[in-house]
Amino acid sequence: MTISIGNDHAGPDYKFAIVKHLEAKGHTITNYGTDTLDSVDYPDFVHPVAKDVDANKVDFGILICGSANGVAMTANKYPKVRAGVCWTNEITELTRLHNNANIICVPARFTSIPQAIKMVDTFLETAFEGGRHQNRVDKISLSC
């Protein structure tokens, strides 16, 4: 799989661990995130990931910030992006099963690194259920 990842200053350690884990599994990762704890503006690191997902340049995106809300709000401005905030493995599974999310947003201040890695694995390994959920997903993007 090809995956783009981005993070702000709350997520470098998470990003490094996730990238190492995914590369060991043979995935190709593009890193748009900051590598330091110096304060940055998260949208600067979200837009490249969301653009890659929106343009179908990658299979999935991963975004990491303190609460994950800001990165999700930013990413969801793109028409083909469905970014979900995930803080438990169960929510992660449902965001793929029911919402066909293509970006996982991880709240670094509310999860551990091992938990984040498990959520990323669940996200990447869970297929969209389709069926009754497809009609709902089709209604997410604005048609105006």
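Helices (H or I, at least four residues) and strands (E, at least two) are DSSP runs, numbered from the N terminus. With that in hand, select Thr28, which sits in strand S2 (residues 28-31).

Before you go on, some ground rules. This is a predicted model, where local features need pLDDT of at least 70 and side-chain atom pairs count only at pLDDT 80 or more, while totals for chains, interfaces and linings use all residues. Residues are numbered from 1 along each chain as its sequence is written, and side-chain values use heavy atoms, with hydrogens and water left out.

**Stop 1**

Is Thr28 buried, exposed or partly exposed? Buried means under 20% relative accessible area, exposed means over 50%, and partly exposed is in between (1.4 Å probe, protein chains only). Thr28 has 48% relative accessibility, so it counts as partly exposed.

Now select residues 2-7, which are strand S1. S1 is mostly covered, with 5 of its 6 residues buried. Two strands pair if DSSP finds at least two bridges between them. S1 and S2 pair in the parallel sense over 4 bridges. To see one spot in this pairing, click Ile5 and look for Asn31 of S2, which stands opposite.

**Stop 1: strand S3**

Next, select residues 60-65, strand S3. Why is S3 described as largely enclosed by the rest of the structure? Here 6 of its 6 residues are buried, so the rest of the structure largely encloses the strand.

Click Gly61 and you'll find Ser4 standing opposite. S3 also runs parallel to strand S5 (residues 103-107), again with 5 bridges. For that pairing, pick Leu63 and its bridge partner in S5, Cys105.

**Stop 2**

Ala83 has Ile103 as its bridge partner in S5.

**Stop 3: a pair of rings**

Time for side chains. Rings of Phe, Tyr and Trp (its six-membered ring) pair if their centres lie within 6.5 Å; planes under 30 degrees apart count as stacked, over 60 as edge-to-face and the rest as tilted. How many aromatic pairs does this rule give? The count is 1. Select Phe60 and Phe123: their ring centres are 5.4 Å apart and their planes are at 70°, so this is an edge-to-face pair. The pair links distant parts of the chain, as Phe60 is in S3 and Phe123 is in helix H5 (residues 113-125), 63 residues apart. Both Phe60 and Phe123 are buried.

Now show Arg96. A charge sits over a ring if NZ of Lys or CZ of Arg is within 6 Å of the ring centre and within 35 degrees of the ring normal. Arg96 lies over the face of Phe123, at 5.7 Å from the ring centre.

**Stop 4: two loops on either side of S3**

Go to Asn56, in the loop between helix H2 (43-54) and S3. Asn56 has a positive phi of about 60°, although it is not a glycine. This residue is exposed, with a relative accessible area of 59%.

Then jump to Ala68, in the loop between S3 and helix H3 (69-75). Ala68 is another residue other than glycine with a positive phi, near 75°. Is Ala68 buried or exposed? Ala68 is buried, with a relative accessible area of 0%.
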